[in-house]
Amino acid sequence: MSTAEQPVPSRPPRIEVRVEDDRTGMDPVTFKRAITDHLRYTQSKTERNAHRYDWYVALAHAVRDRAVHRWIKTAETHHRTDAKRIYYLSAEFLPGRFLQNNLINLGLYDIARKVLAELEVDLDDILEEEVDPGLGNGGLGRLAACFLDSMATLGYAGMGHGIRYEFGIFHQEIKDGRQLEQPDEWLRYGFPWEIVRPDEAVTVGFGGHVDEFTDRHGRLRVRWTPATQVIGVPHDTPVVGYGNDSVLSLRLWRARASEEFDLQVFNDGDYRKAVEEKAISESISKVLYPNDQSFEGKVLRLKQQYFFSACAIHDIVLRYLSDHVSFDEFPDKVAIQLNDTHPVIAIGELMRVLLDDHGITWEKAWDITQRTFGYTNHTLLTEALERWPVSLFEKLLPRHLSIIFEINRRFLRQVIMRWPSDNAERQRRLSLVQESDWGGEKQIRMANLAVVGSHSINGVAALHSELVRTELLRDFAELWPERFNNKTNGVTPRRWLLQANPRLAHAITARIGEGWVTDLGRLERLLPLAEDAGFRAEIRRIKRENKAVLAEVIKQLVGLDLNLDSLFDVQIKRLHEYKRQLLCCMHVIALYNRIKRDPQASFVPRTVIFGGKAAPGYAMAKMHIKLINDVAEVVNKDPEVGSKLRVMFIPNYRVSLAERIFPASDLSEQISTAGKEASGTGNMKFQMNGALTIGTLDGANIEIREEVGPENFFLFGLTAQEVAETHRRGYRPADYVARSPELREVIERIASDFFSPESPGLYANLIHNLLQHDPYLVCADFDPYVACQDRAAAAYLDQEAWSRMAIVNIAKSGKFSSDRTILEYAKDIWQAEPVRVVLD
């Protein structure tokens, strides 16, 4: 047989072997290989000599690779669909740790635990290696982080803009009971989540002069020539949506000198001057909220606000122009939300860019600006509504000052037309420029600029929004009622329930499925289980286990052993007089006095936990911290008290600590003076984790009570209207003291130096302020508060009833998801639609 005639042997069927890419693969084998590769090639370590931090960085980079894969696809999808972009400008972002959240949102948490265990590494140990980025002071920054999480999870084309502070909110130490502020070196060991983009740096000017000129079309134009310049370098961090392949950007700007180093000056021997400009320029992004008591502090604060606002506007305009040839569609494709007054100068900056850089007429530029911006107000305290001296504006931002003056001139013409016979006083109230009646300096009112330059003004809880409309900004609301609306705050359930309280999350999912993670309203399906004895027992078991976890943390931090059967009574939030940590502390003293009067009397054991930071320059708030610690020192060492009452102030309160505290809490202290708290979000996190609220009718407390029912909420205190009426009649705190023996005994304890024997008169100023002024009505609300606390203690004795109330609170927390809030912003303010991201 010839070769040609020989039969061709049959080939075995082709087997296609596909190996998932080590950068993107989601199966355990590939992910494990990715971690060990990063351990070797990113950290230059082996499994034998790696420390925990090396494992953290290796795991973080393996997770980031998978986030970047989706990040790129998200950006491509937004570009291809020309989606409307939402830009959230905030001086604060308080994201918390990223690793666990990203593992959960990418669906890698269980895989990571499994493969690390195979490598004889404990995931819990690795998670503790991550440092909290301290880029915020409290609720404002945490809200911004929750909103980005919800935008990513819901699929909106959002982006956050802020400052990459080298030193975030200070590291709080407690020494001799006093707060000490230490630098928060959160970047000491690097930050593996961010990607630096020096190719997208922005030049930001300050000072200089403004000139008018005629362009080639014969139009009068303005040219700003800054005296100094700073470079803004963007650092992007991925914000991973839950289970949907959408990844957004948190873009934080770092200040860099336009000239890093003057070699000639250095060679001449003046080493300090050679680096002086670098130090001055980079101070802009050095510290979160520098003390602005001095003129230099005010300069730095205004520089910070303009710096990141200018960088953001430059970036926003550049992104828009990459897909569009004119500004005709700008408001239809761009929405900018101002998180409080810190970024309001962005209104003036967008006007400057449109007028000066792109030659757009005033009328068109102003129409674009108003239709683009939305303003969220977060405070009813007039002192917190920022005002800047005109002379400071003239020195730093002369072009913006002229724009603001022109905005004001045109706006006041509208006011005159609207109220022709009532213009003088109303103009004074509405003007963007506050005139001084005493020969002082004129000031720019940033809140007024925000209202005039935005198409939407919203508060953050129903009562707050009503007070904004009827009191704080009443004249503006009469002029433009259609601009005012409410958007009650919310928190992300991914971090504050799924991540922070896995035991409770598992119990919920076992009963109603996992859909609640992205649709928190489904928690209402738990309501019938409030009557299920087995589920109530499970809720109690979970709470006790969470208490044990927190007790171990507290033991390490302050050296106290806790009674897990006691009522965990918790107030954790920024220190401010209106939040009334003092009232809570005075209740502790009242309980101590009761025990001392009759040590054998029955008593519901209680553990009172405080946490929070006071602004460095806020002397009275810092004195409250000192008093709390002095009271704790006495109470915790008194053998007659024993385990009946424990008091502690947890130092350096932060997001990662909050994730341990909320799940372990029984009673949530939301006791601000009615009409002072805008919303609060801690109240929502407590409720979501099964704590009951003791509180006033303030902020979102009102809506929480409406949801859970009056019988599942411990209410006390004056209403906002009663507070106003009390002040109007002439409030005399001493009268309340005279009528209340228990209040009088508490004040005498403090005044007698019982808690400060080594520092006589330490609390004299505090007592004087309480008896003579008491601006936040602590004395007026003391007796009702103590009575309400007694009701809470009695309720706690019936654990079956308490568990039933806790389940109702959990089940009715659906309204307070930030997903609901973002859906309302998107529908009512941004007019934006979600965009589905599909990986190849």
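Modeller: Let us begin with S431, which counts as buried at 7% relative accessibility. Buried means under 20% relative accessible area, exposed over 50%, and partly exposed in between (1.4 Å probe, protein chains only). Please note that this is a predicted model, in which local features need pLDDT of at least 70, side-chain atom pairs count only at pLDDT 80 or more, and totals for chains, interfaces and linings use all residues. Residues are numbered from 1 along each chain as its sequence is written, and side-chain values use heavy atoms, with hydrogens and water left out.

Colleague: With which side chain does the side chain of S431 make a polar contact?

Modeller: S431 lies in the loop between α16 (424-430) and β14 (433-434); helices (H or I, at least four residues) and strands (E, at least two) are DSSP runs, numbered from the N terminus. A polar contact is a pair of N or O atoms within 3.5 Å; within protein, one must be able to donate a hydrogen and the other to accept it, and residues adjacent in sequence count only if both atoms are side-chain atoms. A polar atom of the S431 side chain lies 3.0 Å from the backbone oxygen of V433. The side-chain partner, at 3.1 Å, is N408.

Colleague: Is N809 buried or exposed?

Modeller: N809 belongs to helix α33 (residues 799-811). Leaving out residues up to four places away in sequence, N809 touches Q687, A691, L692, V708 and N712, where contact means heavy atoms within 4.5 Å. Its relative accessible area is 0%, so N809 is buried.

Colleague: What is the distance between the C-alpha atoms of N809 and L527?

Modeller: Along the chain, N809 and L527 are 282 residues apart.

Colleague: How are α6 and α34 oriented to each other?

Modeller: Residues C146, F147, S150, M151 and L154 of α6 meet S818, D819, T821, I822, L823, Y825 and W830 of α34. The axes of α6 (residues 139-154) and α34 come within 9 Å and cross at roughly 75°; axes are lines fitted to C-alpha atoms, for helices over the stretch in contact, and angles run from 0 to 180 degrees between N-to-C directions. Angles under 35 degrees count as roughly parallel, over 145 as roughly antiparallel, 65 to 115 as roughly perpendicular and the rest as oblique. The two helices, α6 and α34, are therefore roughly perpendicular.

Colleague: Which span does α34 have between its end C-alpha atoms?

Modeller: Helix α34 (residues 818-830) has 13 residues, and a straight helix of that length would span 18 Å at 1.5 Å a residue. The expected span is 1.5 Å times one less than the number of residues. Helix α34 spans only 16 Å.

Colleague: Why is α10 described as oblique to α12?

Modeller: Among the residues that meet are Q305 and Y306 in α10, and I345 and A346 in α12. The axes of α10 (residues 295-321) and α12 (residues 345-357) come within 9 Å and cross at roughly 45°. That angle makes α10 and α12 oblique.

Colleague: What is phi of D340?

Modeller: D340 is found in the loop between β11 (334-339) and α12. With a relative accessible area of 9%, D340 is buried. Although D340 is not a glycine, its phi is positive, at about 75°.
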